[in-house]
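Here are my notes on the model you sent over.

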Amino acid sequence: MGLFKKKVKAYSYDKERMKPVIKTSICTGEQVAGFKDIHTGKIEDIMLVKTAADIERFKKIYGIEGSIDKEY
């Protein structure tokens, strides 16, 4: 029925300085969603991605529209 569905808290990020990426391991295929600093190239890991639903949840939490680039 969904009367008491848990609400997803929306977070924000600095869109001028950071860009959303999914860091993927070449060896194991493990994926981590996070943000890459455009100026330094440093990636801040936010959450582990196991399924496509995890990516959609990450996008919903941070208000990201469209596709997210993958970094290897």
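1. Let's start with the sheet. Four strands make up an open sheet, ordered β3-β2-β1-β4, with mixed pairing. Strands here are DSSP runs of E with at least two residues, helices are runs of H or I with at least four, and both are numbered from the N terminus. Two strands pair if DSSP finds at least two bridges between them. At the edges stand β3 (43-49) and β4 (69-71), each with a single partner strand, so one side of each has no neighbour in the sheet. On average, neighbouring strands of this sheet are turned by 35° against each other, direction ignored.

2. A word on what you're looking at. This is a predicted model, in which local features need pLDDT of at least 70 and side-chain atom pairs count only at pLDDT 80 or more, while totals for chains, interfaces and linings use all residues. Residues are numbered from 1 along each chain as its sequence is written, and side-chain values use heavy atoms, with hydrogens and water left out.

3. How do the elements follow one another? Strand β1 (residues 18-24) pairs with β4 in the parallel sense, over three bridges. In that region, I22 stands opposite K70 in β4.

4. Now the helix. Helix α1 (residues 52-62) lies across β1, β2 (31-37) and β3, and runs at about 130° to β3. For that angle, axes are lines fitted to C-alpha atoms (for helices over the stretch in contact), and angles run from 0 to 180 degrees between N-to-C directions.

5. Which residues have the most contacts inside the largest nonpolar core? They are Y13, F35, F58, Y62, I64 and I68, in a core of 13 residues. Such a core is a set of buried Ala, Val, Leu, Ile, Met, Phe, Trp, Tyr and Cys residues joined through side-chain atoms within 4.5 Å. β1, β2, β3 and α1 are the elements that give two or more residues to this core, and α1 supplies the largest share, four residues.

6. F58 deserves a click. Leaving aside its neighbours within four places in sequence, F58 is in contact (heavy atoms within 4.5 Å) with P20, A33, G34, F35, I46, M47, I64 and I68.

7. On to the rings. A search of the whole structure finds six aromatic pairs. Rings of Phe, Tyr and Trp (its six-membered ring) pair if their centres lie within 6.5 Å; planes under 30 degrees apart count as stacked, over 60 as edge-to-face and the rest as tilted. Y13 and Y62 are edge-to-face, because their ring centres are 6.5 Å apart and their planes at 70°. Y13 lies in the segment before β1 and Y62 in helix α1, so this pair ties together parts 49 residues apart in sequence. Both Y13 and Y62 are buried. Ring pairs also link Y11, Y13, F35, F58 and Y62 into a cluster.

8. Next, charges. The structure holds six salt bridges, each a side-chain nitrogen of Lys or Arg within 4 Å of a carboxyl oxygen of Asp or Glu. D45 and K23 meet in one of them (3.3 Å, N to O). This pair links distant parts of the chain, with D45 in strand β3 and K23 in strand β1, 22 residues apart. D45 counts as partly exposed at 42% relative accessibility, and K23 counts as partly exposed at 32%. For reference, buried means under 20% relative accessible area, exposed over 50%, and partly exposed in between (1.4 Å probe, protein chains only).

9. Two further bridges are worth a look. The side chains of E71 and K36 meet at 3.4 Å, N to O; E71 lies in strand β4 and K36 in strand β2, so the pair ties together parts that are 35 residues apart in sequence. E56 and K59 also form a salt bridge, at 3.9 Å, N to O. Both lie in helix α1, three residues apart, about one turn of the helix. Is K59 buried or exposed? K59 is buried, with a relative accessible area of 15%, whereas E56 counts as partly exposed at 48%.

10. Finally, D37 in strand β2. D37 is linked with D14 and R17 in a network of salt bridges. D37 is buried, with a relative accessible area of 10%. Apart from neighbours within four places in sequence, D37 is in contact with R17, M18 and K42.
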